[in-house]
Amino acid sequence: MSSMYSSYSVAAAVCSCVFPALAIVTVGLRIRARQIQRMKLGPDDWLMLTALAFAISYCCLVLYGSFNASIGQDLSTITPEDYTNYQQHLYFGVIIAHLSYGFVKLAILQFYKRIFSIESFILSANITIVVVILFMISATITQIFSAWPIPDWWTLGATYTINYGAFLTAFAAIDLALDIVILCLPIPVVRSLHVTRNKKFLLVGIFWMGFFCVIATAVRLYFGYRLSEAGSGRPVSDQEFSYVSVHNVIWAEIESCCSIIAGCLPTYGPLARSLSLPTFMTTTFRSLLNSVRRKSTNRDTEDPDNKHTWYQLSEGRRNHKADPGPVLATEEREVSENWSFTTTSGQRNITHK
């Protein structure tokens with residue numbers, strides 16, 4: 001194989017096998033966690049499955065292209081027919097990759113909405129969802145018409161209608177900014193919780209498991225910038241261009257699959273409990289929620305009007321007016337990882353789903 005394929009082609013092929021396999025496992029565990037809770041798949045789950053489908057499609061395209069379309073090869077060594085095949089794979093791959101990025105973001109935002117039911121937070125999440133959808137549409141349309149007529153995209157000697165490297169750089173920067181916004185979105189809600197600072201950091205850490213995806217996007221941004229330099233007229237050798245191009249492809253694979261993995265990890269609470277993992281892992285959410293309960297009990301005497309008291313809303317008591325008493329910390333009850341925070345009539349409630 002070493003005499004036929006470059007090390008870059010092999011690296012792209014390996015990534016095309018390893019990362020989607022990990023993503024498939026994590027999504028499967030997410031679905032298993034829903035089954036343990038006896039919950040139907042929600043919008044966030046279906047969006048994550050859609051993102052997985054696009055990520056797998058992209059990785060399969062790269063895997064095939066690594067051995068049959070010269071992905072990772074020195075462009076000076078390929079034939080015009082190989083160049084056409086190479087460019088066709090890249091053209092459709094960019095479209096699929098951007099759709100995968102977008103659907104992962106939508107899945108995470110829908111997951112936020114499942115947990116946090118505060119009106120102001122839902123409004124912020126909905127606005128972010130609209131921005132993500134516009135990002136997906138604009139990235140797809142720009143890629144489709146980045147050369148005109150479209151076959152010029154894979155025609156040797158033809159040119160793009162845009163500076164293609166600048167396009168990759170700009171949209172990678174937007175992608176990076178959206179990732180940071182989505183990661184930071186729950187922080188104001190977490191700060192308002194009646195728990196200790198350490199537990200706030202712990203909860204933020206759970207949502208910030210996707211920080212590696214920000215790093216992957218930043219690396220992809222760097223290689224997009226290197227491509228933009230080539231598009232701006234700076235002399236670039238075929239070997240250097242091949243190096244930058246294949247690394248852009250590899251990090252696109254890593255970003256799409258790792259985003260799916262990170263987006264699924266916070267849903268594993270029920271699965272961890274069912275597997276009888278160590279206590280410090282299985283009681284994380286319960287500890288956070290019990291801290292909130294203790295806080296509500298302590299403030300009951302300080303706030304006789306119950307304007308700032310936290311209440312547990314059980315399945316049989318959805319309206320706090322039916323039983324205004326706060327739930328005691330000693331109440332033994334199985335706590336699901338799906339709990340939500342709501343604000344109604346001046347009261348802040350925790351709803352167990």
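**Entry 1: ground rules.** I take helices as DSSP runs of H or I with at least four residues and strands as runs of E with at least two, both numbered from the N terminus. This is a predicted model, so I kept local features to pLDDT of at least 70 and side-chain atom pairs to pLDDT 80 or more, while totals for chains, interfaces and linings use all residues. Residues are numbered from 1 along each chain as its sequence is written, and side-chain values use heavy atoms, with hydrogens and water left out.

**Entry 2: overview.** I find 12 helices and three strands in the protein. For burial I use relative accessible area: under 20% is buried, over 50% exposed, and in between partly exposed, with a 1.4 Å probe and protein chains only. On that scale, 49% of the 353 residues count as buried. Accessible areas come from the Shrake-Rupley method with a 1.4 Å probe, and for residues only the protein chains shown count as cover. The protein exposes about 16400 Å², and carbon and sulfur atoms supply 64% of that. Next I looked at contacts, meaning heavy atoms within 4.5 Å. Among contacts between residues at least 6 apart in sequence, 76% join residues at least 24 apart.

**Entry 3: C257.** I looked up C257 and found it in helix α9 (residues 238–264). C257 counts as buried because its relative accessibility is 0%. Leaving aside neighbours within four places in sequence, C257 is in contact with F19, P20, A23, A55 and C59. I also checked C257 against I56: they are 201 residues apart along the chain, yet their C-alpha atoms are separated by 8.3 Å.

Entry 4: S9 belongs to helix α1 (residues 7–36). At 0% relative accessibility, S9 is buried too. Not counting residues up to four places away in sequence, S9 touches S66, I71, G72 and Q73. G42 sits in the loop between α1 and α2 (43–68), and with 9% relative accessibility it counts as buried.

**Entry 5: the core.** Which residues touch the most other members of the largest nonpolar core? My rule for a core is a set of buried Ala, Val, Leu, Ile, Met, Phe, Trp, Tyr and Cys residues joined through side-chain atoms within 4.5 Å. The largest one has 81 residues, and Y112, F121 and I260 touch the most other members. Helix α3 (residues 80–115) gives the largest share of this core, 19 residues. Not counting residues up to four places away in sequence, F121 touches Y112, K113, F116, L185, P186 and V189.

**Entry 6: aromatics.** I paired rings of Phe, Tyr and Trp (its six-membered ring) if their centres lie within 6.5 Å; planes under 30 degrees apart are stacked, over 60 edge-to-face, and the rest tilted. The whole structure holds 12 such pairs. One of them, F135 with F171, is tilted, at 6.0 Å centre to centre and 35° between the planes. F135 lies in helix α4 and F171 in helix α5, so this pair ties together parts that are 36 residues apart in sequence. F135 and F171 are both buried. I also noted one aromatic cluster made of Y91, F92, W153, W154 and Y160.

**Entry 7: salt bridges.** My cut-off is a side-chain nitrogen of Lys or Arg within 4 Å of a carboxyl oxygen of Asp or Glu. That gives 10 salt bridges. D44 pairs with R34, their closest N and O atoms being 3.3 Å apart; D44 is in helix α2 and R34 in helix α1. R114 and D44 are both buried. R220 and D175 form another salt bridge, at 2.8 Å, N to O. R220 lies in helix α8 (residues 211–231) and D175 in helix α5, so the pair ties together parts 45 residues apart in sequence. Salt bridges with shared partners join R30, R34, D44, D45 and R114 into one network.
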